[in-house]
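Me: I have a structure open and would like to go through it step by step. Could we begin with the loops and then move on to strands and charges?

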Amino acid sequence: MTTGKPVNLLDLNRKAMEDYFVSLGAKPFHGRNVLKWIHKHGVTDFDQMTDLSKKLRASLHMEAEVRLPKIVLEQPSLDGTVKWVMELANGQRIETVYLPDGNRNTVCVSSQVGCALNCSFCATARQGFNRNLTVGEIIGQVWHATRRMGKAPTNVVMMGMGEPLANFEPVVDAMDLMQDDLAYLLSKYRVTISTSGIVPNLYRLRKVSDVSLAVSLHAPDNELRNELVPINRKYPLEELIPACREFVRDDKRRKVTWEYVMLDGVNDSIAQARALIRLLEGTPSKINLIPFNPFPGTDYRTSPPERIEAFRQKLMRAGIMAMLRKTRGDDIDAACGQLVGKVQDRSGRTAVSRHQRQQQGLFS
Ligand code: SAH
C-alpha cells in the first residue's frame with residue numbers, strides 16, 4: 001500500500017499508463033484497457049471497468065482516481081459554437097470551445113491558466129499567467145467535449161488560453177492521447193498546435209510529436225512583431241521562420257499555417273502583404289487571416305472587410321493560400337483572443353507579474 005496523493009489516471013498517456021499498471025503488479029494490457037475505458041467509453045468509475053479483476057479494482061480505488069476538470073458553465077452560441085468554463089481543483093477557471101462546421105467538429109483547447117506572453121491584442125494576456133495545466137486538465141477538456149456533444153471531435157486545436165509550447169511535456173502527452181487509437185483516434189493532420197514561436201521548443205517538438213503547426217505571426221517584420229507579439233524580441237523572425245520550415249520539411253503534405261490578425265491601420269496594408277510574401281518565400285505556407293475580435297479596454301479595431309479582402313487577394317495572387325477565418329462564438333466571448341477564464345486562485349493570487357513571466361523562462 002502506498003500513501004500520498006492518488007494518481008490521476010487522466011495524467012497518463014499510453015506508455016505511462018502501461019508502466020503504472022506494471023508498478024501495481026498488473027500487466028501493460030490492463031493499462032491499455034483502462035485507457036480505453038476512460039477515453040473511448042467515457043467510464044471513470046473503476047467498478048464499471050468489468051474486465052479488471054476485483055483485486056485490481058480494489059488497488060485502483062486505493063491509489064488512483066480519474067479527476068476531471070468540472071464544467072461550471074456551458075454557453076451555446078447562436079452559430080452552434082459552445083463554450084465551456086471549467087473549474088480546476090484550486091478554483092481557477094479555463095475555457096474550452098467547440099466549433100461545429102459541416103462534417104468537422106473542432107475542439108479548441110487551453111494549455112495554461114492565463115498566458116505569460118503578453119501579446120498586445122489578446123484578452124487572455126490581460127489576465128496574466130498563473131500556471132501550466134496538467135495532462136489531465138488538457139485531455140480532460142477533450143473528454144468533456146466528447147461526452148457533452150455525444151461524439152468524439154474530428155479535430156483538436158491547441159488554440160485556447162495559454163502558450164502550448166511553454167507547457168511542453170504535458171501538451172505533448174495530451175496530444176499523444178488525442179492521436180491514440182485507444183483514446184481519441186485523431187490523425188496527425190487533425191491535431192494542431194498553435195504557438196507564438198518558442199523556437200527551441202519547436203525543434204524539440206518535431207522530435208517527439210507529429211502534429212500540424214500553426215504560428216501566430218501577425219506582422220511581416222521584427223519591428224512590428226516585437227510590439228504585437230513580444231516573444232519576438234527573444235525569438236525574432238530570422239530564427240522563427242527557419243524553425244517552422246524545418247518542422248514541415250519531411251512531410252510533403254504539411255504546410256505551416258500562419259495566423260494573422262487583421263488590425264486596422266497596423267498590419268493590413270498592401271506593402272505589408274508584399275513584405276509577408278517575401279518573408280514566407282520558400283516555406284510551404286497557408287495563411288489564416290483572423291478579423292480582430294475586440295474586448296473591453298482595447299484600442300485596436302478590426303480592418304474593414306474590403307481591406308482584408310485586398311490583403312487576401314494580394315497573397316493569393318502570389319500563390320499563397322490565404323483564408324479568412326470566420327469569427328465564431330463572439331456573442332459568448334468565445335472567439336480567438338477573447339478567452340479569459342479566471343486566472344486567480346482561491347487565495348486571490350493573480351500572477352500578472354514580471355516575476356511570473358521570468359519564472360516561465362520566456363523573457364530573459
Ligand atoms: N499562444 C498560442 C495559442 C493561442 S491561439 C498562440 O499564440 O498561437 C489563439 C489565436 O488567436 C492566436 O493566433 C492569437 O494570436 C489569436 N488572437 C489573440 N487575440 C486575438 C483577438 N483579439 N482577435 C483575433 N485573434 C486573436
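Me: Where does Asn 118 lie?
Reply: In this predicted model, Asn 118 lies in the loop between strand S7 (112-114) and helix H4 (123-126).

Me: What is phi of Asn 118 near?
Reply: Phi of Asn 118 is near 65°, which is a positive value in a residue other than glycine.

Me: And is Asn 118 buried or partly exposed?
Reply: Asn 118 counts as partly exposed, because its relative accessibility is 34% and the buried class lies under 20%.

Me: What about Asp 333, where is its place?
Reply: Asp 333 has its place in the loop between S14 and H12. Its phi is near 55°, again a positive value in a residue other than glycine. Asp 333 is partly exposed, with a relative accessible area of 43%.

Me: Let us turn to strands. How many bridges join S4 to strand S5?
Reply: Six bridges join S4 to strand S5 (residues 93-101), and the two strands run antiparallel. One of the pairings puts Glu 95 in S5 as the bridge partner of Val 85.

Me: What happens in the hairpin of S4 and S5?
Reply: This hairpin has five residues between the strands, and Gly 91 takes a positive phi near 90° there.

Me: Which way do S5 and strand S6 run?
Reply: S5 and strand S6 (residues 104-108) run antiparallel and are joined by five bridges. Pro 100 stands opposite Asn 105 in S6. S5 and S6 also form a hairpin, with two residues between them. In that turn, Gly 102 has a positive phi of about 60°.

Me: In what sense do S10 and S11 pair?
Reply: S10 and S11 pair in the parallel sense, over four bridges. Within this pairing, Ser 194 stands opposite Ala 214 in S11.

Me: Why is strand S11 largely enclosed by the rest of the structure?
Reply: Five of the five residues of strand S11 (residues 212-216) are buried, so the strand is largely enclosed by the rest of the structure.

Me: Which residues point one way from S11, and which the other?
Reply: Ser 212, Ala 214 and Ser 216 point one way, while Leu 213 and Val 215 point the other way; all are buried. As a general rule, side chains in a regular strand alternate between the two faces of the sheet.

Me: Now the charges. How many salt bridges does the structure hold?
Reply: The structure holds 24 salt bridges. Among them is the one between Asp 79 and Arg 328, whose closest N and O atoms are 3.6 Å apart. This pair links distant parts of the chain, its two residues being 249 residues apart. Asp 79 is in the loop between strand S3 (70-76) and strand S4 (82-87), and Arg 328 is in the loop between strand S14 (321-324) and helix H12 (354-359).

Me: Is Arg 328 buried or partly exposed?
Reply: Arg 328 counts as buried, at 13% relative accessibility.

Me: What does Glu 87 form a salt bridge with?
Reply: Glu 87 forms a salt bridge with Arg 93, and the closest N and O atoms are 3.0 Å apart. Glu 87 is buried, with a relative accessible area of 16%, whereas Arg 93 counts as partly exposed at 28% relative accessibility.

Me: Which residues are linked in a network of salt bridges?
Reply: Lys 188, Asp 210, Asp 251 and Arg 254 are linked in such a network. Lys 188 forms a salt bridge with Asp 210, with the closest N and O atoms 3.3 Å apart. That pair also links distant parts of the chain: Lys 188 is in the loop between H6 and S10, and Asp 210 is in the loop between helix H7 (199-208) and S11, 22 residues apart. Lys 188 counts as partly exposed at 30% relative accessibility, and Asp 210 counts as partly exposed at 34%.

Me: Last topic, the surface. Which residues gather in a patch of positive charge?
Reply: Arg 104, Arg 190, Lys 255 and Lys 286 gather in that patch on the surface. Arg 190 has its place in the loop between helix H6 (168-179) and strand S10 (191-195). Arg 190 is partly exposed, with a relative accessible area of 39%.

Me: And which residues make the nonpolar surface patch?
Reply: Met 316, Met 321 and Met 323 make a nonpolar surface patch of about 250 Å². Met 321 is found in strand S14 and is partly exposed, with a relative accessible area of 40%.

Key. Residues are numbered from 1 along each chain as its sequence is written. This is a predicted model: local features need pLDDT of at least 70, side-chain atom pairs count only at pLDDT 80 or more; totals for chains, interfaces and linings use all residues. Side-chain values use heavy atoms; hydrogens and water are left out. Patches are made of residues with over 30% relative accessible area and no salt bridge: like charges are joined within 9 Å, nonpolar side chains (Val, Leu, Ile, Met, Phe, Trp, Tyr) within 5 Å. Accessible areas come from the Shrake-Rupley method with a 1.4 Å probe; for residues, only the protein chains shown count as cover. A salt bridge is a side-chain nitrogen of Lys or Arg within 4 Å of a carboxyl oxygen of Asp or Glu. Lys and Arg count as positive and Asp and Glu as negative; His and the chain ends are not counted. The place of a charge is taken as NZ of Lys, CZ of Arg, CG of Asp or CD of Glu. Buried means under 20% relative accessible area, exposed over 50%, partly exposed in between (1.4 Å probe, protein chains only). Two strands pair if DSSP finds at least two bridges between them.
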